[in-house]
Every structure is written in structure tokens, then in C-alpha cells.
Amino acid sequence: MSTTTEVTELGRRVRERLADRHPGEHVSDLRTLPGGHSGLTYVVTAGPASYVVKAVPPGQRPVGRNDVLRQALVLRALAGSPVPVPGVLAVDEGEPAWFAMEFVDGEAIEPVLDEHRLDPGLCRARMLALADVLRDLHGTTGPEAGEPLDPAGELERWSRTMRAVPPELRPGAEDLLDVLASRIPDGIPATLTHGDFRLGNVLCRGERPAAVVDWEIWAYGDPRIDLAWFLLFADHRNFPRVGRAVSGLPGEEELLTAYLDGRPEPPTLDWFRALARTKMAAIMGHNLRRHREGKHHDPDQERLPPTIAAMIRTARDILARRP
């Protein structure tokens, strides 16, 4: 938790940088932007312009989700590419580090999970348009990012998360993890990946994606990881007691066809579809455990057990379809 003094000092540094870009115009104080899950997120205005500021929490190391400079790096690399992203205005590597990017007006709504009144036809158009953006992302070169994460590494990451969840909250998970581990597919050439690519992380205006946001876990890795995760959000039935039906929303196969755009389906995609469900079950189980342990009180987490069980069950069903 940042103190008033720390926020005031951060605001001073931000105002000084923005004043250089907006001479003679009033630069506002920082205002907390709700909904951010990485570092600290604020809105600031400079004359008629608005910016989003992401900063490392005071006293914390700039690693993982708090590594805001890494997010700025990929956003700058994607500027001018077919992938829409906010423009980065300023980067400050002092402690705590921060960067400012343009405020993009738009809606970030996950049709099958969020409460909304969007027209179903609009939801359909946005999801199909986003399939094109994902294809563009996987064809775009980004900054250096170290050793790519292969399918085995991705499975290991989410196996650790799953096994930290009490066994009673993840029925059948051990068998699922064993099957996944016994069938790890060969890798394909690594591409730039977002890590959490879905409509809930994309600001849209009308039918078009205006900016892909939340780049905390971008990497170079297997594009099938991004693709299978994106497909998971096409069907509300994947989320019992949590999801909502949206008439006409493209299903997994239609979305896959849009993404491929005439290219052949990547090999062993079913393994990655099962992995995406495993990842979702692990994340939900982790959140439910934290709620029940009193680390993050959120009664809505009690709606998750049916979805966790369904994710594990359907992942096993998918793996049973093919050897």
C-alpha cells in the first residue's frame, strides 16, 4: 500500500515530465484508476490530454507483474504495428519506476463473464475482429525477451499453481496433470505472445479493437498457448454458475477458422486446449483458496467450484478424444 507522501512524490515526478511535453498547460494530480492488477495504476491529465501511469509499488522490486518497464518495452516495440496498443509517452527508470501511456477510450468487456448490456451482434463482431489481431500479434516481432517458454515449461508453471490448491478444490487434477505430462507436444517456432489474450484485456470502440492492454506476462513462446486461451472464452458453458449465454457469439471452431485465415490448424492443438482449461482451473482454485484463507475477501469466489470441476473434467475429455 503506497502512502500519501509516496503518491505525492510520484505525482511530482510525473508532472515534471508531462510539463515538458505540455508547456504552459495544467497537469493534474494522480488519480487512482480502478481495476489494475499490476503495479499501481493512475490517470493524469495534461491540458486536454489524458494519460495512464503505471508505477512499481514503493518498496517492491520491479519483477513479474510489477515490472512496468518491461510492459513499456513491448508497447513501444508494437507502436506502428498491426497490433493496436496505447502509445508510450514517457518512461522513468528511477525508483520507483513508472511509465505514462496514452489513455485509450473504449470498453474492455468479456462477453461470457462480465455483466453488460452489449448487443450480441456487437460482441460477435468484436470477438471475430480480435481473432485477426491475435494472428497479427503472432506475426509481429517484439523486443528481446530471453529464452522462449516451451510447452513443457508452461505446463510446469501451471502444475505448480494447481498443486498449491487444496486437493478437495481440484477434483481429478492430478490425473489430468499426469496425462498432460505424458503427452507434451513438440514445440513450434516461438512468437510474441500476450499471455492473457481475450476481449477482457482489449479496449474496443464500436466493433473494432482500439488497444490491447495488460501486457504483464508477455513473452516469446508457443502461439498455441495464446490461441487456446482465447478460444476458451467463446462458450459460456465452459464456466458453470459463472458464464452467461451470448446469442450468436462465435464458437471455438469459428474463432479458430477466423484466426487461421486459410492456414492449416497447428498440430496437437487439443493438448493446448486442455492446458488452457488446466490453467483456468488453477487460477480459479488459487483465488478461491486465498478467499477462504482470508487473504482476499471476495464472496463471489464461492461460485467457482463448479467451473473448476468442469474445467478439469472437460480438459480430460479433450485429451481422451485423440491419442
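A search of the whole structure gives 2 cavities of 30 Å³ or more and 0 disulfides. Residues are numbered from 1 along each chain as its sequence is written, and side-chain values use heavy atoms, without hydrogens or water. Because the model is predicted, local features need pLDDT of at least 70 and side-chain atom pairs count only at pLDDT 80 or more, while totals for chains, interfaces and linings use all residues.

**Cavities**

- A cavity is a set of points, on a 1 Å grid over the protein atoms alone, where a 1.4 Å probe fits but cannot get out; lining residues have an atom within 4 Å of a point.
- Grid points are joined across faces, edges and corners, and a volume is the space filled by probe spheres set on the points.
- The largest cavity has a volume of about 60 Å³.
- Its lining consists of Glu 154, Arg 224, Ile 225, Ala 228, Trp 229, Phe 272, Leu 275, Ala 276 and Lys 279.
- Two or more residues of that lining come from each of α6 (223-232) and α8 (269-292); helices (H or I, at least four residues) and strands (E, at least two) are DSSP runs, numbered from the N terminus.
- By class, the lining of the largest cavity holds 6 nonpolar, no polar and 3 charged residues; Ala, Val, Leu, Ile, Met, Phe, Trp, Tyr, Cys and Pro count as nonpolar, Asp, Glu, Lys and Arg as charged, and the others, Gly among them, as polar.
- The second largest cavity has a volume of about 40 Å³.
- Of the 10 residues lining the second largest cavity, Glu 6, Leu 10, Leu 40, Pro 58 and Pro 96 are the closest to its centre.
- At least two lining residues of the second largest cavity come from each of α1 (4-21) and β2 (40-46), and α1 gives the largest share, 3 residues.
- The lining of the second largest cavity divides into 8 nonpolar, 1 polar and 1 charged residues.

**Helix α9**

- Helix α9 (residues 305-321) has 17 residues and reaches 25 Å from its first C-alpha to its last.
- That span is close to the 24 Å expected at 1.5 Å a residue, where the expected span is 1.5 Å times one less than the number of residues.
- The buried residues of α9 are Thr 307, Ile 308, Ala 310, Met 311, Ile 312, Ala 315, Ile 318 and Leu 319; buried means under 20% relative accessible area, exposed over 50%, and partly exposed in between (1.4 Å probe, protein chains only).
- Among the elements that cover these buried residues are α4 (151-163), α5 (173-182), α6 and α8, with contact meaning heavy atoms within 4.5 Å.

**Cysteines**

- A disulfide is a pair of cysteine sulfur atoms within 2.5 Å.
- The sulfur of Cys 123 has its closest cysteine sulfur in Cys 204, at 9.5 Å, which is too far for a bond.
- Cys 123 is buried at 0% relative accessibility, and Cys 204 is buried at 2%.

**Backbone sites**

- The peptide bond from Glu 95 to Pro 96 is cis, with omega near -5 degrees.
- Pro 96 lies in the loop between β4 (88-92) and β5 (98-102), and Pro 96 is also one of the residues lining the second largest cavity.
- Asp 214, not a glycine, has a positive phi of about 60 degrees; Asp 214 sits in the loop between β8 (208-212) and β9 (219-221) and is partly exposed at 26% relative accessibility.
- Asp 261 has a positive phi near 50 degrees; Asp 261 is in the loop between α7 (252-260) and α8 and is exposed, with a relative accessible area of 54%.

Key: On a 1 Å grid over the protein atoms alone, a cavity is a set of points where a 1.4 Å probe fits but cannot get out, and a pocket is an open set with protein on both sides within 12 Å along at least five of seven lines; lining residues have an atom within 4 Å of a point.
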